[in-house]
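Let's take a walk through this structure together, one feature at a time. Have the sequence and the 3D view at hand as we go.

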Amino acid sequence: QVRVVESGGGLVQAGGSLGLSCEASGSIFSIIFMGWYRQAPGKERELVATVNRGGAITYADSVKGRFTISRDVAMNTVYLQMNNLKPEDTAVYYCNSRGLSSLNYRPFDEWGQGTQVTVSS
């Protein structure tokens, strides 16, 4: 069993900053990928930022230069620092973790419950 838990988020004014954290725990042999996604009301879930085991990072064009993803490999934790937030960044932010289970060495693909980020204009 692998559990993914996000923390952080909240309400901030436009131009402000927020930080999100995500920890994967449980029967983990290795983590191959962790990423942040978001879903605004009435819209599909979209990629925000991801990092793989090798450290390669991707960002959505809409957040480049404003958001920074980082990780603590030993803690199976990924962070998302969000600066210069805009009202259009308002969404529920979800963390995704993929890897191999230590129980049976099979792949896992788990999502957190999501955390709300609201940016007021």
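Does tyrosine 105 count as buried or exposed, and at what relative accessibility? Keep in mind that this is a predicted model. Tyrosine 105 has a relative accessibility of 52%, and because the cut-off for exposed is over 50%, tyrosine 105 counts as exposed.

From here we can turn to the aromatic rings. The structure holds 2 aromatic pairs. In one of them, the ring centres of phenylalanine 29 and tyrosine 105 are 5.0 Å apart and the planes meet at 80°, so this pair is edge-to-face. Phenylalanine 29 belongs to strand β4, while tyrosine 105 sits in the loop between β9 and β10 (107–111), so the contact ties together parts that are 76 residues apart in sequence. As for phenylalanine 29, its relative accessibility is 49%, so it counts as partly exposed.

Rings also meet charges here. If you look at tyrosine 94, you will find the charged end of arginine 45 over its ring, 3.7 Å from the centre.

Now for a covalent link. A disulfide is a covalent bond between the sulfur atoms of two cysteines. Searching the whole structure turns up 1 disulfide. The cysteines that form it are cysteine 22 and cysteine 95, with their sulfur atoms 2.0 Å apart. Strand β3 (residues 18–26) contributes cysteine 22 and strand β9 (residues 91–101) contributes cysteine 95, so the bond ties together parts that are 73 residues apart in sequence. The torsion about the S-S bond of cysteine 22 and cysteine 95 is about -80°, so the disulfide is left-handed. Both cysteine 22 and cysteine 95 are buried.

Our last stop is the largest pocket, whose volume is about 210 Å³. Which residues lie nearest its centre? They are Ile31, Arg53, Arg71, Val73 and Asn76, out of 14 residues that line the pocket. Several strands take part: β4 (28–39), β5 (46–52), β7 (67–72) and β8 (77–82) each give at least two residues to the lining. Strand β4 supplies the largest share of the lining, with 5 residues. Sorted by class, the lining of this pocket has 7 nonpolar, 4 polar and 3 charged residues.

Note on methods:
Residues numbered from 1 in each chain as written. Predicted model: local features only at pLDDT ≥ 70, side-chain atom pairs only at ≥ 80, totals over all residues. Heavy atoms only, no water. Disulfide = S-S within 2.5 Å. Helix = DSSP H or I, 4+ residues; strand = E, 2+ residues; numbered from the N terminus. Buried < 20%, exposed > 50% of the residue type's maximum accessible area, 1.4 Å probe, protein only. 1 Å grid on protein atoms, 1.4 Å probe; cavity = no way out; pocket = protein on both sides within 12 Å on 5 of 7 lines; lining within 4 Å. Points joined across faces, edges and corners; volume = space filled by probe spheres on them. Nonpolar A, V, L, I, M, F, W, Y, C, P; charged D, E, K, R; others polar. Phe/Tyr/Trp six-rings, centres within 6.5 Å; stacked < 30°, edge-to-face > 60°. Lys NZ or Arg CZ within 6 Å of the ring centre and 35° of its normal.
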